[in-house]
Amino acid sequence: MTILVFTLILLAGAYAAGLLGSLTGLGGGVIVIPLLTLVFHIDFRYAIGAALVASIATSSGSASAYVKEGMTNIRLGMFLEIATSIGAVAGAVIALWMPTNAIAVVFGLVLILTAVMQQRQSADHENVKGSDLAKKLKLFGTYPTKEGPKSYELTHVIGGFLTMIVAGILSGLLGIGSGVLKVLAMDNFMKVPFKVSTTTSNFMIGVTAVTSAVVYLQRGYIEPGIAFPIMVGVLCGALTGAQLLKKLNVSLLRKIFAIAILLVAINMIYNGFAGKF
């Protein structure tokens, strides 16, 4: 296979990953890493490096739109980024010495969690009495609705912060945005309205990925020949998906895709235990 053909195939695969990731809300990294490791047999660490670069690009593009709309709680995102950045550095360092077979097993388990959590019903928490700590940190906010700006308060800041450290570790270890854990921390612990938690999570993913990517870059695990086509393909696919999302009813697609993700997860775990990575 020539370099040109390899690059074109990577572009096409990354485009499909970005498109499906955007439509299902799972993100491109969840699909890119199985594509690179299971299909192209690329070393897991190089796949993680490429996925991190793609996460930076897609998060930067979509997050700016949400910030402009006033949906993102920037102050909350920057506060929680302290936790995810600490975790991301730790996760990236762990990934450098952890056997790739073990990383594959962890990745498969996280995929299962992602597929299950994606099917849960979203919640818009109302009449939440905010905690004193959240008030002192000025984490309360508003978000736009058809009836006008709607205010909300937050609680359980410490629990959310600690969960974000775990999300950062998984991001650095696996090269994914860990958006599921971030939304879980803000939604279940801090009682942030679902729309705010998802957009704020998207805002945070890029910064978390940058923190992890620095470690991978220093160790030479970001290969431009792999990372660049993946970044361009995922970004273009995500932009296309954002346009289609307005026109399609993707509830059935998400259920079908969740089953596909579960099958990929089982394959990852099996190959990890079989020592094929």
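At 18% relative accessibility, Phe40 counts as buried. Buried here means under 20% relative accessible area, exposed means over 50%, and partly exposed is in between, with a 1.4 Å probe and protein chains only.

A word on the model before going on. It is predicted, so local features need pLDDT of at least 70, side-chain atom pairs count only at pLDDT 80 or more, and totals for chains, interfaces and linings use all residues. Residues are numbered from 1 along each chain as its sequence is written, and side-chain values use heavy atoms, with hydrogens and water left out.

Now the rings. Phe, Tyr and Trp rings (for Trp, the six-membered one) pair if their centres lie within 6.5 Å; planes under 30 degrees apart are stacked, over 60 edge-to-face, the rest tilted. How many aromatic pairs does this rule give? Five. One of them is Phe6 with Phe40. Why does it tie together separate parts of the chain? Phe6 sits in helix α1 (residues 3-24), while Phe40 sits in the loop between α2 (29-39) and α3 (44-69), so the partners are 34 residues apart in sequence. Phe6 is partly exposed, at 22% relative accessible area.

Next pair: Phe79 and Phe161. This one is tilted, with 5.3 Å between centres and 40 degrees between planes. It links distant parts of the chain, 82 residues apart: Phe79 belongs to helix α4 (residues 74-97), Phe161 to helix α7 (residues 157-174). Buried or exposed? Both Phe79 and Phe161 are buried.

α4 and α7 pack at about 35 degrees, with axes 6 Å apart. Axes are lines fitted to C-alpha atoms, over the stretch in contact for helices, and angles run from 0 to 180 degrees between N-to-C directions. The α4 and α7 crossing is right-handed. Right-handed means that the near helix is turned clockwise from the far one, and left-handed means anticlockwise, by less than a right angle. From α4 the contact includes Phe79, Gly87 and Gly91; from α7 it includes Phe161, Gly168 and Gly172. Contact means heavy atoms within 4.5 Å. By class, this contact has 15 nonpolar, five polar and no charged residues. Nonpolar covers Ala, Val, Leu, Ile, Met, Phe, Trp, Tyr, Cys and Pro; charged covers Asp, Glu, Lys and Arg; the others, Gly among them, are polar.

α4 also packs on helix α9 (residues 194-218), at about 30 degrees with axes 8 Å apart. That crossing is right-handed too. Its residues split into 15 nonpolar, seven polar and one charged.

How does the record mark these stretches? The unreviewed UniProt entry lists transmembrane regions, among them 79-97, 157-181 and 202-219. UniProt positions follow the numbering used here, feature names are shortened, and annotations may be inferred rather than shown by experiment. In the model, residues 79-97 are 100% helix and 0% strand, with end C-alpha atoms 29 Å apart. Residues 202-219 are 94% helix and 0% strand, with 27 Å between the end C-alpha atoms.

Ser55 lies in α3 and is buried, at 9%. What does Ser55 touch, not counting residues up to four places away in sequence? Gly175, Ile205, Gly206 and Ala209. Val234 lies in helix α10 (residues 224-245) and is buried at 3%. Val234 and Ala12 are 222 residues apart in sequence, and 9.1 Å apart C-alpha to C-alpha.

Back to α2. Nine of its eleven residues are buried. Gly29, Pro34 and Thr37 are among them. After α2 comes His41, with a positive phi near 55 degrees.

Last, two lysines. Lys138 has a positive phi near 60 degrees, in the loop between α6 (132-136) and β1 (141-143). Lys138 is exposed, at 58%. Lys191 also has a positive phi, about 60 degrees, and is not a glycine. It lies in the loop between α8 (179-189) and α9. Lys191 is partly exposed, at 28%.

Methods:
Helix = DSSP H or I, 4+ residues; strand = E, 2+ residues; numbered from the N terminus.
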